[in-house]
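Hi,

Here is the structure I said I would pass on. Have a look at it first, and my notes follow below.

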Amino acid sequence: MADQSPVVPASTSQPVRRPATVAVHAGRPARKPDAPFNEPITMASVYVAGGDVEYARYGNPTWAAFEEALGALEGGRCLSFASGLAAVACVLDLVGQDAKVVMPRHSYQGTIMQLGDLEARGRLKGVLVDIEDTDAVIAACDDAALVWLESPTNPALEVADIAAITKAAHAAGAYVVVDNTFATPLLQQPLLDDVDLVLHSATKYISGHSDVLMGALVTRDEQLFDVLKKRRDLTGAVPGPMEAWLALRGLRTLHLRVERAQANAQELVARLGGHPAVAKVRYPGFGAVIGVEFTQGVLAAELLVQKTKLWVHATSLGGVESTFERRRRWKTESQTIPEDLVRMSVGIEDVEDLWDDLRVALDTLVG
């Protein structure tokens, strides 16, 4: 079930609402006679002079509505970006020359690749850690400028002690960012653990329909917000108004989708663990992403993703449809991820149909 505890508003003047209500109502236009119920799509590259925006790189009413809604859910101020990796780049670009960045060994490969590229060019010093070894992560925080967390990690599904690591990182003078893409603000609000920044690939659960490429950053630090916005304005890493509108429309049903997908995932975890073709099931106890390893190894993993009728072999996740892939088919994936690990993104279909489709494919792998 999605977390239904009240969302702590960024402003004390705002009433406290539960996440489902926030998801539906935040980012709406003012209620006036004949006003639109939803924020319209504003297709404009230029604005009349004399206001706060002036030019399309600096703002758009459709972005603003999305940012208000996601910011309300996370409990901070939100900036939207053209993609999740554009948001990643904005954060890493602000880290000083030769500074140390601590990151999980098993992170989204696009993030790891950006860190590696910056390190290869002599910009940063990257330190990769096993995120579940809290003592080792805390030790690595010494002299760090930035501590990057994923929890759960992609695709190993490891969980970090966000509060303990954040406390240690701050004591060492480091900023902390948490990629909250897998958990969503319904299952985890890292800003409540005093992290400095929350990052989302809004392409995934936030928009939820596999039709948007978009990213976001959320913070409670006004000075940090201003710095990030200036950087976004300068680089032009902004979303299109259509993408922002679609992401906000998807956000309206986030609580329903996460609740259903998580319930499906938990049922499938129980069933997968009892199938003879399955050697190991990875699941952090929440969310809708599962990792599966096989008794017959990598060949079984390759066969499985080709044998289903409902499950779609695809690289993304977080949509209403169920998708899966063998992650090591990508040469850039971490070499410490098992060759036969299949990451499963459970959708909102009927769980019995999902299981029937999986079971038939899994049965062919036993023999």
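Proline 152 sits in the loop between β4 (144-150) and α6 (162-171), where helices (H or I, at least four residues) and strands (E, at least two) are DSSP runs, numbered from the N terminus. A cis peptide bond links serine 151 to proline 152, with omega about 0°. The loop between β4 and α6 also holds proline 155, and a cis peptide bond joins asparagine 154 to proline 155, with omega about 5°. Aspartate 143 belongs to the loop between α5 (134-140) and β4; its phi is near 70°, a positive value in a residue other than glycine. For context, most residues other than glycine have a negative phi, and most peptide bonds are trans.

Before you go further, two points on the source. This is a predicted model, in which local features need pLDDT of at least 70 and side-chain atom pairs count only at pLDDT 80 or more, while totals for chains, interfaces and linings use all residues. Residues are numbered from 1 along each chain as its sequence is written, and side-chain values use heavy atoms, with hydrogens and water left out.

Next, a pocket. The second largest pocket holds about 390 Å³ of space. On a 1 Å grid over the protein atoms alone, a pocket is an open set of points where a 1.4 Å probe fits, with protein on both sides within 12 Å along at least five of seven lines, and lining residues have an atom within 4 Å of a point. Grid points are joined across faces, edges and corners, and the volume is the space filled by probe spheres set on the points. The lining has 24 residues, and Tyr108, Asn154, Ser201, Lys204 and Ser316 lie nearest the centre. Two or more lining residues come from each of α3 (84-93), α4 (109-120) and β6 (197-201), with α3 giving the largest share, 3 residues. By class, the lining has 9 nonpolar, 10 polar and 5 charged residues. Here Ala, Val, Leu, Ile, Met, Phe, Trp, Tyr, Cys and Pro count as nonpolar, Asp, Glu, Lys and Arg as charged, and the others, Gly among them, as polar.

α3 and α4 also pack on each other: their axes come within 10 Å and cross at roughly 35°. Axes are lines fitted to C-alpha atoms, for helices over the stretch in contact, and angles run from 0 to 180 degrees between N-to-C directions. Leu85, Val88, Ala89 and Leu92 of α3 meet Gly110, Thr111, Gln114, Leu115 and Leu118 of α4, contact meaning heavy atoms within 4.5 Å. That contact has 6 nonpolar, 3 polar and no charged residues.

What is the handedness of the crossing of α2 and α9? It is left-handed, and the axes of α2 (residues 61-74) and α9 (residues 241-251) come within 8 Å and cross at roughly 35°. Among the residues that meet are Trp63 and Phe66 in α2 and Trp245 and Leu248 in α9. The contact of α2 with α9 has 12 nonpolar, 1 polar and no charged residues.

Terms used:
Left-handed = near helix turned anticlockwise from the far one by under 90°.
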